[in-house]
Number of protein chains: 2
Amino acid sequence: MCVATYRCYDDKADFNKKALGIAVGLTVGSWTDLPEARKAEMEKHLGRVISVTVHEPEDLQPGERYADLRIAYPDVNFSRDLPALLVTVFGKLSMDGRIKLLDLDFSPAFTEAFPGPKLGIGGVRELLGIHDRPLLMSIFKSVIGHDLPNLREQFYRQALGGVDLIKDDEILFENPLTPLEKRVETCMEAARQAESETGQKLLYAVNLTGPTSQLAANAKRAIAAGANALLFNALAYGYDVLHELSSDPGIQVPIAAHPAMAGAFYPSPHYGIAAPLLLGKLMRLAGADLVLFPSPYGSVVMPKEENLAVQAALIDPALPVRSSFPVPSAGIHPGLVPLILRDFGHDVVVNAGGGIHGHPQGTAAGGQAFRQAMAAAQEGISLPEAAAQPGKEALKAAIELWGYKE
Amino acid sequence: MCVATYRCYDDKADFNKKALGIAVGLTVGSWTDLPEARKAEMEKHLGRVISVTVHEPEDLQPGERYADLRIAYPDVNFSRDLPALLVTVFGKLSMDGRIKLLDLDFSPAFTEAFPGPKLGIGGVRELLGIHDRPLLMSIFKSVIGHDLPNLREQFYRQALGGVDLIKDDEILFENPLTPLEKRVETCMEAARQAESETGQKLLYAVNLTGPTSQLAANAKRAIAAGANALLFNALAYGYDVLHELSSDPGIQVPIAAHPAMAGAFYPSPHYGIAAPLLLGKLMRLAGADLVLFPSPYGSVVMPKEENLAVQAALIDPALPVRSSFPVPSAGIHPGLVPLILRDFGHDVVVNAGGGIHGHPQGTAAGGQAFRQAMAAAQEGISLPEAAAQPGKEALKAAIELWGYKE
């Protein structure tokens, strides 16, 4: 049985009846009017109401009455893929009034079909040889219309700052100025040059795009050209596509799932799919090694508790697949690093765009400021104190510009 | 240029500034600080604000202030596929506050990459040899856990009632009792038997399921086994998968797109993707020959104006691809047929489940009642009057049970 949890708003509904209607309607269709002999045969297909928890305080306002329904769906009813599960539990039902899919608990039989992240947190750390600190990711800025030398220069400056991962802009598609293989070759050459100076390895997540049927081939072309990571707009293609890519034995590099379009699903209290499921559990089951999601700090806001629930889903030991690296993103500058580490702990990728490129001393200094902030936070030194130390000019300039929170 | 229309709610925002931020931020990234020479190079990549229409009446309540923003995105920025377009116009932006994607106007250069429905309304009518009336579709009920003889019997009874299309239950996946090819063979054999009695052709839309990379092969297996139509949960797999299936020269049968999961996108006023775009324009561009969507009559409710806007998008002559057959679904019984025909006109598929299977004289009579109601509506005879005619017992029983609206 896979169990779906829904939040269902209705000022008047008999939620127990509604839950039963779902459990029967989305499985065997009808039950009470079946002959007894038929019931015996059909019982293994019948959905079950696990619980109905009505939220109905005394001072209830119109529109605020809801119930959380938990319904179990027999595995025998659907194939072992996410489209089948999602269509079963939230296909027609998604259109049935104010109802939001909050969570899914997969049965062991279902999860068995999912190898999950090929590398996960441990594998990504292994690739980089970094186990003792959070990772730092940097995002290309404004690269539409840029040519290869321009891209290379921007990549090189990011790499010099000591970042561990550089990701493509998710809106950079196949284009004549910076086509996939050339882009990979150029950026990886810049990565090697930077490594010869910094001694530091780096993953470049190139944006995997194109027609669905060509994605695996494109990934392999990118890998053959030297790509050591992929960025993927998983929600624009579907979880099953991510699942197939992550399960492909020819794709051994980490896949970073971008949350593009996630806002079409999660923010409404009444409709859609909750962020911890959408960007947490499902991305992980489908095999994302790293998952980007809106941070609670920036302009693109997700409440902090929802954020931490996404992280929790990405690392929850109850799911028998590798953990995915949480990458809270947007609005992050070096002054937030202590806060991020307090909120997310050690196994987090600190991801910055403007907070690196907008550094007053340039992009390389932007990366350095983050690394200095990380070191300070790990040593328990306050940022102003660390910034006053010799050699920490990058951090000093960053907190002068953006401030800091501790 | 492809033009996106958004509805953006904000009690205080300067919407002109916001629109400009989107147009620049989602294309060249920054503009005002570019050197003049660079601006000349980048201009062709720059997004443009087409219009900003603020809704701000005098008696505005908190939470109700919004603006409709129209932003044009240069085609040069994205590849000719729907994931690229959607990630560009509503990737990161979907997570940026209360914003809903209302519409997309595709450029001629973009639509050129989309052959659209292979058959469309005209082709489906041609296949069936029916040009002078709306079509009637019937839905399998409760077929999970049923074996082939059982399925055959249900199919046969539906076919005898004079329906033009029979669709699988969208939650029927590959399973040992009724596997894809056996299901097709069995049902098509029943269709032939019924045809020998009724003289009427029939399309059977078998549910196309499985791993994404196997869908085209599964479709061809089904077709080789005799399938003359496919049902597809397009939103669970992604528009690009539908586009690739509909463009596949090996798949010449009509594809009916099911709206499963659509409710995760369209119902919120503040978030997601509006139904006429989600279930209308995008389904059609991606090549669906028939599109199911919630009717305004049933339990799964969509407001009638939104419904008619979905239909309008499916048949709008401005889009240079074939029209998709509108299939308003849910809660439909024979007594609603005159209303449906008045609302949707002649080119509509009347789609019923309970309204056929629940007929007091059985499933075949259910289909007959619909056909009798259709004939009456086309002849301008009221349903009670038609039902009183000899040989119209099926219609009589239906309107006695469910009533009628005219």
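In this predicted model, ring pairs join A:F78, A:F106, A:F110 and A:F114 into a cluster. The structure as a whole holds 21 aromatic pairs over all chains. Within the cluster, the ring centres of A:F78 and A:F110 are 5.9 Å apart and their planes stand at 70 degrees, and because an angle over 60 degrees counts as edge-to-face, the pair is assigned to that class. This pair links distant parts of the chain, since A:F78 belongs to the loop between β3 (66–73) and α3 (82–90) of chain A, whereas A:F110 belongs to helix α4 (residues 108–111) of chain A, 32 residues apart. Both A:F78 and A:F110 are buried.

In chain B, a tilted aromatic pair is formed by B:F293 and B:F344, with 6.2 Å from centre to centre and 55 degrees between the planes. Here too distant parts of the chain are linked, with B:F293 in strand β11 (residues 290–294) and B:F344 in helix α13 (residues 337–344), 51 residues apart. B:F293 is buried, at a relative accessible area of 1%, and B:F344 is buried as well, at 5%.

Charged side chains are also found over aromatic rings: A:R152 lies over the face of A:Y156, at 5.9 Å from the ring centre, and B:K281 lies over the face of B:F106, at 6.0 Å from the ring centre.

Helix α8 (residues 215–224) of chain B has as its buried residues B:L215, B:N218, B:A219 and B:A222. Viewed down the axis of α8(B), these residues fall within an arc of 100 degrees, and therefore line one face of the helix. The elements that cover them include α7 (180–198), β7 (203–208), β8 (229–232), α9 (234–237) and α10 (239–247) of chain B.

Definitions and conventions. Residues numbered from 1 in each chain as written. Chains lettered and ligands numbered in written order. Predicted model: local features only at pLDDT ≥ 70, side-chain atom pairs only at ≥ 80, totals over all residues. Heavy atoms only, no water. Buried < 20%, exposed > 50% of the residue type's maximum accessible area, 1.4 Å probe, protein only. Helix = DSSP H or I, 4+ residues; strand = E, 2+ residues; numbered from the N terminus. Arc of directions from axis to C-beta. Contact = heavy atoms within 4.5 Å. Phe/Tyr/Trp six-rings, centres within 6.5 Å; stacked < 30°, edge-to-face > 60°. Lys NZ or Arg CZ within 6 Å of the ring centre and 35° of its normal.
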